[in-house]
Amino acid sequence: MSTTQPLVLAAELAAAWSDIQAHHQDLPDLASPEALIGESSSACGTRLDFERLLHEAAHGLAAAREIRDTSRAGRYHNRRFLMLASELGLAHPVEPHASSGFSQVTMLNDTRDRYSGTIERLDRALGAHQLAVAGEGVHRAFRGPAARHGSSGGGVRVKAVCGCGRNVRVVPSVLAQASIVCGACQQPFKIA
């Protein structure tokens with residue numbers, strides 16, 4: 001992959017965030033656009049696009065206003081999240097999802113019209129980045145800053161299995177830090 005591709009995408013993400021800030025003055029700065037590239041989260045979705053950036057902006061407003069907008073380690077999006085998402089031009093389902101709450105927000109047509117130029121620029125940068133990544137045979141998805149959930153990394157838990165067949169659910173980054181050993185067979189758990 002070209003070393004300029006992540007830089008171009010990070011610059012476009014920062015520019016798109018600035019465009020959102022122009023309409024929402026209390027939205028904090030995006031600390032690291034690079035952190036938005038290459039991670040995944042099932043609670044907030046995995047696709048990186050402008051709609052997803054607005055979703056993250058709702059979390060940014062929550063942080064700036066000291067509003068607790070999620071629970072369950074950031075997976076469950078509550079009605080306070082809905083209020084912020086609506087303010088940013090996102091529609092939401094009538095009923096919450098059992099495990100992720102109101103996380104599945106979608107962009108309203110008026111919002112799409114307001115940011116049409118920004119969306120086009122970001123889509124071009126994302127397309128170029130995805131082509132470059134696909135050339136390497138690597139799949140990457142969007143997560144956003146793990147720190148927003150106040151966890152040690154958040155993320156999706158996967159099944160890890162030991163030698164005797166017992167299993168645990170663990171965030172892959174936790175397992176990468178050090179082995180977790182089964183008390184029964186004394187073998188390390190490994191991602192299935």
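## A buried tyrosine

Tyrosine 115 counts as buried, at 2% relative accessibility. Buried means under 20% relative accessible area, exposed over 50%, and partly exposed in between, with a 1.4 Å probe and protein chains only. The model is predicted: local features need pLDDT of at least 70, side-chain atom pairs count only at pLDDT 80 or more, and totals for chains, interfaces and linings use all residues. Residues are numbered from 1 along each chain as its sequence is written, and side-chain values use heavy atoms, with hydrogens and water left out.

## The aromatic pair

The structure holds one aromatic pair. Its rings belong to phenylalanine 50 and tyrosine 115. Their centres are 4.9 Å apart and their planes are at 50°, so the pair is tilted. Rings of Phe, Tyr and Trp (its six-membered ring) pair if their centres lie within 6.5 Å; planes under 30 degrees apart count as stacked, over 60 as edge-to-face and the rest as tilted.

Phenylalanine 50 sits in helix α2, and tyrosine 115 in the loop between α4 (109-114) and α5, so the pair ties together parts 65 residues apart in sequence. Helices (H or I, at least four residues) and strands (E, at least two) are DSSP runs, numbered from the N terminus.

## Around phenylalanine 50

Phenylalanine 50 is buried too, with a relative accessible area of 2%. Beyond its neighbours within four places in sequence, its contacts (heavy atoms within 4.5 Å) include Ala16, Ile20, Met107 and Thr118.

Threonine 118 belongs to helix α5. Threonine 118 is buried, at 8% relative accessible area. Setting aside neighbours within four places in sequence, threonine 118 touches Ala16, Asp19 and Phe50.

## The cores

A nonpolar core is a set of buried Ala, Val, Leu, Ile, Met, Phe, Trp, Tyr and Cys residues joined through side-chain atoms within 4.5 Å. The largest one has 27 residues; Phe50 and Ile20 are among those with the most contacts inside it. Two or more residues each come from α1 (4-23), α2 (50-64), α3 (79-87) and α5 (116-136). Helix α2 gives the largest share, seven residues. A second, separate core has six residues, including Cys162 and Phe189.

## Helix α3

Phe81, Leu82, Leu84 and Ala85 are buried in α3. Down the helix axis, the buried residues of α3 fall within an arc of 170° (taken from the directions from the axis to the C-beta atoms), so they line one face of the helix. Their cover includes α2, β2 (76-77) and β3 (90-91). Just after α3, glycine 89 takes a positive phi of about 90°.
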